[in-house]
Amino acid sequence: MKISSTRVIAPLCLVAMFVAGFLSRSFLDLSARASTTAASVQGPGSRKCSLKTLKGAYGIKFEGQRLGTGPLVSISRIVFDGEGTFTTTEIGRFNGNPLQRTFTGPYTINDDCTGFLDFSSDLSNPPHEAHGNFVIVDEGREFFVVDNEEFWAASGIGKKI
């Protein structure tokens, strides 16, 4: 039986193209994985924050309660100077009574976009130091804050104005 070279070469070419396609796909898949891995190293969660991450005016809706005393609800305008000082103008109600005050205090921001602020609060007599922790989200356009003082259960969300 005689086999022509065309009958041998054609299937060999098909096999060669299949192998080349398979190898190319494997190579491209490895390249895509390497790109994805590199992107994930520099992607979400790797952003570094500083005092300048929170700079400018934000609106805050804050609510919670002082345990044993009563509820607190307020809205505030807080301005961060980008250097470590903030000023807040707050309007709300504490235990049903109207509340309107302005206060200033220091804030710190860690590389991981968490932070801390404190200020002198006149919600008690005598006034006391109030403390809060926050986390910056959405590239500095928003933050979540929680009052971490003893006897308080309160939190809020600040959004860039």
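Before I point at anything, here's what I'm calling a salt bridge: a side-chain nitrogen of Lys or Arg within 4 Å of a carboxyl oxygen of Asp or Glu. And keep in mind that this is a predicted model.

By that rule, the side chains of Arg101 and Asp122 make a salt bridge, at 3.4 Å from N to O. That one ties together distant parts of the chain: Arg101 sits in strand β4 and Asp122 in the loop between β5 and β6, 21 residues apart. Arg101 counts as buried, because its relative accessibility is 9%, while Asp122 is partly exposed at 48%. Salt bridges with shared partners bring Glu90, Arg101 and Asp122 into one network.

So how close do Glu90 and Arg101 get? Their nearest N and O atoms are 2.5 Å apart. Glu90 is in strand β3, 11 residues away from Arg101 in strand β4. Both Glu90 and Arg101 are buried.

The model has six salt bridges in total. Another of them pairs Lys61 with Glu63, 3.6 Å from N to O. Lys61 is exposed, with 55% relative accessible area, and Glu63 is partly exposed at 40%.

Now for a charged residue without a partner. Asp147, in strand β7, is buried but has no salt bridge. Which side chain of opposite charge is nearest to Asp147? That would be our friend Arg101, 7.2 Å away. What the Asp147 side chain does reach is the backbone nitrogen of Glu149, at 2.9 Å. Looking past its sequence neighbours within four places, Asp147 touches Phe62, His131, Gly132, Trp152 and Ala154.

Phe62 turns up again in the next stop, Gly156. Gly156 lies in strand β8 and is buried, at 8% relative accessible area. Beyond four places in sequence, its contacts are Lys61, Phe62, Phe143, Phe144 and Val145. Take Phe143: it's 13 residues from Gly156 in sequence, and the C-alphas are 8.5 Å apart.

Last stop, the cysteines. There's one disulfide, between Cys49 and Cys113, with the sulfurs 1.8 Å apart. Cys49 is in the loop between α1 and β1, and Cys113 is in the loop between β4 and β5, 64 residues along. The torsion about the S-S bond is about 80°, so this disulfide is right-handed. Cys49 is buried at 5% relative accessible area, and Cys113 is buried at 8%.

Technical notes. Residues numbered from 1 in each chain as written. Predicted model: local features only at pLDDT ≥ 70, side-chain atom pairs only at ≥ 80, totals over all residues. Heavy atoms only, no water. Helix = DSSP H or I, 4+ residues; strand = E, 2+ residues; numbered from the N terminus. Buried < 20%, exposed > 50% of the residue type's maximum accessible area, 1.4 Å probe, protein only. Lys, Arg positive; Asp, Glu negative; His and termini not counted. Polar contact = N/O pair within 3.5 Å; in protein donor to acceptor, adjacent residues only side chain to side chain. Contact = heavy atoms within 4.5 Å. Disulfide = S-S within 2.5 Å.
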